[in-house]
Structures are given as C-alpha cells and as structure tokens.
Amino acid sequence: MPSVYKPSFTCDYEEGAHPAILARLQETNWEKAAGYGLDAYSESARARIREAIGCPDAEIHFLLGGTQVNAVMIDSLLAPYQGVIAPESGHVRLHEAGAIERTGHKVLAVPQTDGKMKACDVAAAIAAWEDDLNRDHMVMPGMVYVTHPTEFGTLYTLAELEEMSALCRAHGLRFYLDGARFAYALACPENDVALTDLPRLFDAFYLGGTKCGALLGEAAVFPRPGTVPHFFSIQKQHGALLAKGRLLGIQFDELFRDGLYGRIGVPAIEAAQRIRAALQQAGFQQCYGSPTNQSFAIVADADLPRLGEMVVYDFWEKLDADHTIIRLCTSWATRAEDVDALVEALSQW
C-alpha cells in the first residue's frame, strides 16, 4: 500500500535548485573551463555580487557549504590564540559538531534572546578578558559572529548591527556575518538590512546559496581585498577548494542575475506567514517571534503523533518533560498546494 502523502517542512534545502540554475548548468555542461574558480562564470558571478553589495573592490571566494565556509573563514581571520564570540544558540556553537574548535579556536558563548545577542553582552564579554589580570592565560576574543536571520528566524535591526560593528571596531575585533539564509531576510518586510549595508558593517561575510536556491555553495566576501593574505591557499589547505569551481560560479551568476537573490525568498515568506496564522488559529503557542521562513511552535508530546500524520516537521528541542518545540521551515521552492494541505489539516485540529 502506498503511504499517504504528507507535506514536508523540515528544512530549506530539501529541494534541488532553481530552474534557471539547472538550465544554465545543462547549457554549459560540455564547455571546458578553468578550474578552482578561475573560470569566466565565476568572474561574472563575482562582478554581479560586487554590484549587488555596492563594493567594487570586494574579494569573493566560493565554497561548498555553511559549516565549511564558517570553519575556513573563522580560522583564517583569527590568530591561533583567539576565539570567536557567538550567541549561546549560535550555529557555530551548537550545530557544527565542534568544527570551529577543531581548527583550534574556542567559541565564546554570550547570552541570547530569541537567537540575538545584545551589544552590551558582547561588550561585557570583551571587558571580561580585557580586565582580567590573567588574560594572557585566557582565550582572547578576536571576532564577533552573528547570523541574519538567526537560528530562530529572527532579525537584527540595522541599528543593532551598526552598534555591534562600532563596538568591534573600537576593540579591534573582526565582525563576521553568517548569511546562510540572507535571501530570506531580504524577502522579509520586517528586514531593514540591505546587501549594500554589509560591506561597511562587516570585515567578512558570506551569502548563502545552499538554502537559497542553489544546489550547493556559499559566496564568501571580504569587502577589503587582502584582509586574509593568500586565502586561496588557505582554502586549499582546508580541503575547501572545488576543482570544478565553475559549478559554483554558474550558480551564483544566476542567483545574482536580474536581482533574483532579492526575490527568491518571497514565496518562502508568504508561505511561512500562512502557516503561522494557521498555527495560531489552531491554538498552538508559537515561540521566538520569527518573521522569516522558519516557524516554531510548542506541541504537547501527546499530540506529536497526530501532528506527524499531517506533516513532516523538524524536531527542534525539548521544552520540558511534556512539551516539544517543533520547526516548520519553508523555502524558495515551497509549493502552494503543500501549504494549502497543512492549513486545511490544522483547521481541523
């Protein structure tokens, strides 16, 4: 007997790639191109990204995935004795299997609220090291790491990022953005952080492709060329330099053609808004206040089997002995009929 179809909202990289990317990959499949991102397609992608972020001199490298780019970027930006400040809920702290620590850099956790750090808490962490008479025996903060959107789908305001950026400048710390889901921030009406804000705020950042319409790949950006000398070689040392680099270049060339990156997340946001409204109507308590493509709800453990008959959801964490927080995640490719099916099922809850 075939199983009953259930819509799946477990994550935002379940699907393959945007049709424009697949078409371009097929069109160029038989062409010969230079390796390691030195091909014409990668150069075109870099030019498009530079134009989109308003930074004509930016140095841009293409890597395969989020954990890889975080590990390589953080390792290359820090001295051996330095660590990276991140929220307690930060991806580099919880969901990268110790990848940052494996490079020799400690993740220095600070408090978070709905996935966001406050500048005052970051300042306190910096002061704790600066004022410690034993600081030469301690891990020196060398970087501040943020995600936008956060792990909980929430957004920093431009003013909050400007305050944190100024704090980093004042204390000589690098400021780094994990932009794995940045396309979903761009598509969100509540967002006031533009692509053109990133070069002035951050010493380095990456724009996600894996979660935002590409088969795989992330674009790492240094607004000031030479921020990390010989980054190409460092990338190679980490096993993060793709020989067929044109496969990444072609994808970002399409994502940044005609403003697609700024539009690609719109269906995800619209779908998530419908899902959140349906959850509220069904009486589920929502948490974190995410306005982006990730929605979180508290479900009694006794109700999880019934919910699981309606939808494939993502386990997030246990709230207490009797309740679980689940995540429903939409994407650029979320189908209206899947949302319709979930909304209809929730209306019968």
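1. Start with Asp 203. Its relative accessibility is 10%, so Asp 203 counts as buried, the cut-off being under 20%. Keep in mind that this is a predicted model. Asp 203 sits in the loop between H9 and strand E6 (204–208).

2. Look next at the polar partners of Asp 203. Its side chain makes a polar contact of 3.3 Å with the side chain of Arg 169. A polar atom of the Asp 203 side chain also lies 2.7 Å from the backbone nitrogen of Phe 175.

3. Leaving aside residues up to four places away in sequence, Asp 203 touches Arg 169, Leu 173, Arg 174, Phe 175, Phe 222, Pro 223, Arg 224 and Thr 227.

4. Now turn to helix H7, residues 158–171. With 14 residues at 1.5 Å each, H7 should span 20 Å; its end C-alpha atoms are 20 Å apart, so the two values agree. Just after H7 comes Gly 172, with a positive phi of about 75°.

5. Which residues of H7 are buried? They are Leu 158, Leu 161, Met 164, Ser 165, Leu 167 and Cys 168.

6. Last, the cavity. The whole structure was searched, and one cavity of 30 Å³ or more was found. The largest cavity has a volume of about 30 Å³. Its lining consists of Pro 87, Ser 89, Gly 90, Gly 115, Thr 147, Thr 150, Glu 151 and Tyr 156. By type, two of the lining residues are nonpolar, five are polar and one is charged.

Conventions. Residues are numbered from 1 along each chain as its sequence is written. This is a predicted model: local features need pLDDT of at least 70, side-chain atom pairs count only at pLDDT 80 or more; totals for chains, interfaces and linings use all residues. Side-chain values use heavy atoms; hydrogens and water are left out. On a 1 Å grid over the protein atoms alone, a cavity is a set of points where a 1.4 Å probe fits but cannot get out, and a pocket is an open set with protein on both sides within 12 Å along at least five of seven lines; lining residues have an atom within 4 Å of a point. Grid points are joined across faces, edges and corners, and a volume is the space filled by probe spheres set on the points. Ala, Val, Leu, Ile, Met, Phe, Trp, Tyr, Cys and Pro count as nonpolar, Asp, Glu, Lys and Arg as charged, and the others, Gly among them, as polar. Helices (H or I, at least four residues) and strands (E, at least two) are DSSP runs, numbered from the N terminus. The expected span of a helix is 1.5 Å times one less than its number of residues. Buried means under 20% relative accessible area, exposed over 50%, partly exposed in between (1.4 Å probe, protein chains only). A polar contact is a pair of N or O atoms within 3.5 Å; within protein, one must be able to donate a hydrogen and the other to accept it, and residues adjacent in sequence count only if both atoms are side-chain atoms. Contact means heavy atoms within 4.5 Å.
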